[in-house]
Amino acid sequence: MTVAIVLAAGAPAAGLPTGTGEPLADRLAGQLRRAGADRVHTVTDLPALAALVDTVTGPVLVTGGDLVAHTAVLRHLATSPVGPTVALVLTDPPAAGATLVREERGQVVDAGPELPDATGVFGGALRVGADDLPALAAAARSAAVAPAAGVAVDRLFAALADLGTLTFAHRVRLLVAHRVADPAGLAAAEAALAGVDEDRAQLRLSVKERDDFFTTYFVSTWSPYVTKACARLGLTPTGVTMISVLFAVVAAVLFGAGGRPALVAGAVLLYLGFVLDCVDGQLARYTRHFSAWGGWLDTMADRAKEYLVYAGLGYGATHAGFRYGWALAVAAMTLQTVRHMTDAWYGVLHDEAARRPRPAGPAAGGIGGKLNAASTRVQADTGSVSYWLKRTVVFPIGERWALIAVTAALFGPLVSLVSVLVWGVLAFGYTGALRTLRARWMWVPVLDTVDATLHRDDGPVAARLPVVRPMGPLTLAVLGALGPAVLLVVGLFRSAGDGDPGGLRWWLPVALVVLLVAGLGAGAAHNGPLDWLVPAALRAGEYLFAAVVGVVGGVPPWLVFGYVFVLTVHHYDLTARLEKRQAAPPLHAWTLGWEGRSVLLAVAAIAGFAAPAMATIGTYLLVVFVASVVLAWVVLPARAGRAAAVPVRGASPG
């Protein structure tokens with residue numbers, strides 16, 4: 001249940017008559033109901049607001065009495081998926097006593113009446129998540145004892161920011177939102193309101209403000225029409241996601257079949273599938289149908305679609321006579337997963353850095369600080385050549401799918417896979433080098449802010465290994481990946497020379513021991529400036545070891561691909577939960593850990609049962625993953641719902 005509060009204190013405009021004759025505060029109350037609030041209260045002072053918040057258990061919408069805005073602005077604020085607590089931020093000239101804000105990466109990192117480096121003005125409305133309600137009540141009581149000058153909602157928000165509440169900024173585009181102080185300001189704001197087609201603006205807002213070059217110019221120019229059609233047909237974002245998956249699966253089959261007509265048809269379907277991949281998010285933003293399940297599913301489906309296409313290309317290249325088609329597909333999947341792991345953890349690093357005080361003294365300069373400043377300037381120069389080069393060189397999903405479609409249609413699966421690998425390696429080198437320099441400047445131990453054991457994917461073996469602290473967890477993880485990497489190269493060279501890679505089977509224990517070196521850092525503090533790279537290094541080590549077992553143990557290449565694919569699904573589940581702020585998978589303890597799975601594979605390969613072991617462990621992990629998904633998204637929420645529906649003894653209904 002969402003409760004809305006109109007705080008009219010200190011806002012003379014709250015009583016001004018609007019175009020319909022009702023006072024502005026009363027119109028705001030009606031708009032809040034239409035925006036989705038279940039109950040709306042109007043309060044005249046901060047102590048009353050604090051007392052009301054003390055009785056609430058769900059999210060709360062708070063607006064000042066001087067806000068003139070489209071109802072859609074309030075609805076977007078109420079349903080914003082970026083975080084539990086979100087504040088409206090405007091670019092209007094600040095009025096006397098207004099609260100200024102400074103944002104970084106969408107977060108409000110500072111707020112107050114005097115802020116020399118402000119990036120916006122508090123818009124007089126915010127949504128506060130259930131977990132932040134005690135802070136809201138405390139802020140209201142704190143602001144109530146301060147001098148009463150100024151609008152109460154501004155003093156409330158400044159006090160909430162002083163308490164360190166993590167708040168995200170909600171900017172207004174295309175729609176209208178203004179704070180007014182007199183009849184002339186109210187008349188001007190209402191005229192601006194009437195000059196905007198609210199539904200058309202919402203449809204345009206469904207497209208991301210900043211996207212990649214290919215998506216911006218070859219998808220988003222016409223995808224809103226598809227979004228509108230989907231909304232009229234009553235399709236849900238999840239339904240569109242499933243259709244997009246179907247298109248990608250058919251494209252993968254066509255790439256595997258080969259032949260020019262099939263390759264061209266596969267390229268067209270892949271493009272259309274990517275359009276639908278954009279439409280599902282646009283439809284969610286247009287209809288405001290957001291859910292944790294939908295966000296998680298979209299993340300998982302994106303990776304599954306891409307890797308199924310790699311499988312089709314790998315099969316197609318092999319079918320066309322290239323010996324290592326599946327090997328290239330495994331390499332592309334491994335590279336992309338490791339890249340995504342670094343992307344996800346660098347994002348966490350940057351968000352955490354934005355919430356912390358800026359470095360002072362020598363730490364504030366250096367090449368890292370200069371790179372950060374240069375990146376900020378480029379990102380602000382939207383539409384420039386440097387902006388689009390920066391967006392494109394990192395090889396985002398739109399460019400990847402476009403490259404796959406064009407190269408597969410014109411040249412075939414082999415060229416497509418090689419192109420993905422070459423551009424992917426260059427992008428990884430570029431982003432890795434720059435992020436490493438910037439991360440050393442920021443120096444934020446992000447893995448110390450979460451459950452490092454969970455995101456390392458450690459199992460029972462790593463938990464029992466001794467801790468080697470002097471080398472650091474990143475150094476140990478990189479060293480661990482080197483053993484299987486070297487043995488894999490030797491095995492591939494021997495295979496290419498028509499030798500027998502099976503003769504390297506007795507080197508597997510050596511590669512395993514080297515891999516387990518990464519486990520020696522499991523219990524150490526992950527507080528180094530580059531320790532955000534540890535999960536990616538561990539993923540690389542496990543995938544390389546699986547590939548080594550496949551080569552040395554004579555496992556069919558398609559089975560190696562399938563096994564690594566299941567591993568990526570498992571690891572993306574962890575990453576998606578991190579990004580969507582979800583709890584750990586219910587059955588995570590049953591997944592054996594990266595080192596447990598590797599030990600079982602090595603023992604089976606040495607005994608001559610590599611293929612059956614890989615098939616068995618992969619199937620087991622997939623079953624655990626599916627069961628965990630059912631528990632997390634179906635069984636446990638249903639139980640929680642039934643528990644919430646049971647009346648408490650002695651409590652009166654309603």
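The expected span of a helix is 1.5 Å times one less than its number of residues. Keep that rule for the third stop.

**Before you start.** This is a predicted model, in which local features need pLDDT of at least 70 and side-chain atom pairs count only at pLDDT 80 or more, while totals for chains, interfaces and linings use all residues. Residues are numbered from 1 along each chain as its sequence is written, and side-chain values use heavy atoms, with hydrogens and water left out.

**Stop 1: the whole protein.** Show everything as cartoon. The protein has 25 helices and 10 strands; these are DSSP runs numbered from the N terminus, with helices as H or I of at least four residues and strands as E of at least two. The radius of gyration is 27 Å, close to the 26 Å from the globule rule for 654 residues, so the protein is as compact as a globular protein of that length. That radius is taken over C-alpha atoms, and the rule is 2.2 Å times the number of residues to the power 0.38. Along the principal axes, the C-alpha atoms fill a box of roughly 85 × 60 × 60 Å.

**Stop 2: inside and contacts.** Colour by accessibility. Of the 654 residues, 52% count as buried, that is, under 20% relative accessible area with a 1.4 Å probe, protein chains only. Now turn to contacts (heavy atoms within 4.5 Å). Among those with a separation of 6 or more, 82% join residues 24 or more positions apart.

**Stop 3: helix 20.** Select residues 473-496. Helix 20 has 24 residues and reaches 35 Å from first C-alpha to last, close to the expected 34 Å. Its buried residues include P473, L474, L476, A477 and G480. Further along, G483, P484, L487, L488, G491 and S495 are also among the buried ones.

**Stop 4: helix 5.** Select residues 152-162. Here 9 of the 11 residues are buried, so helix 5 is largely enclosed by the rest of the structure. Show side chains for D154, R155 and F157, which are among the buried residues. Then step just past the helix to G164, which takes a positive phi of about 80°.

**Stop 5: A262.** Select helix 11 (residues 260-287) and find A262 in it. Is A262 buried or exposed? A262 is buried, with a relative accessible area of 14%. Finish with a distance: the C-alpha atoms of A262 and W507 are separated by 43 Å, and the two lie 245 residues apart along the chain.

How values were computed: Buried means under 20% relative accessible area, exposed over 50%, partly exposed in between (1.4 Å probe, protein chains only).
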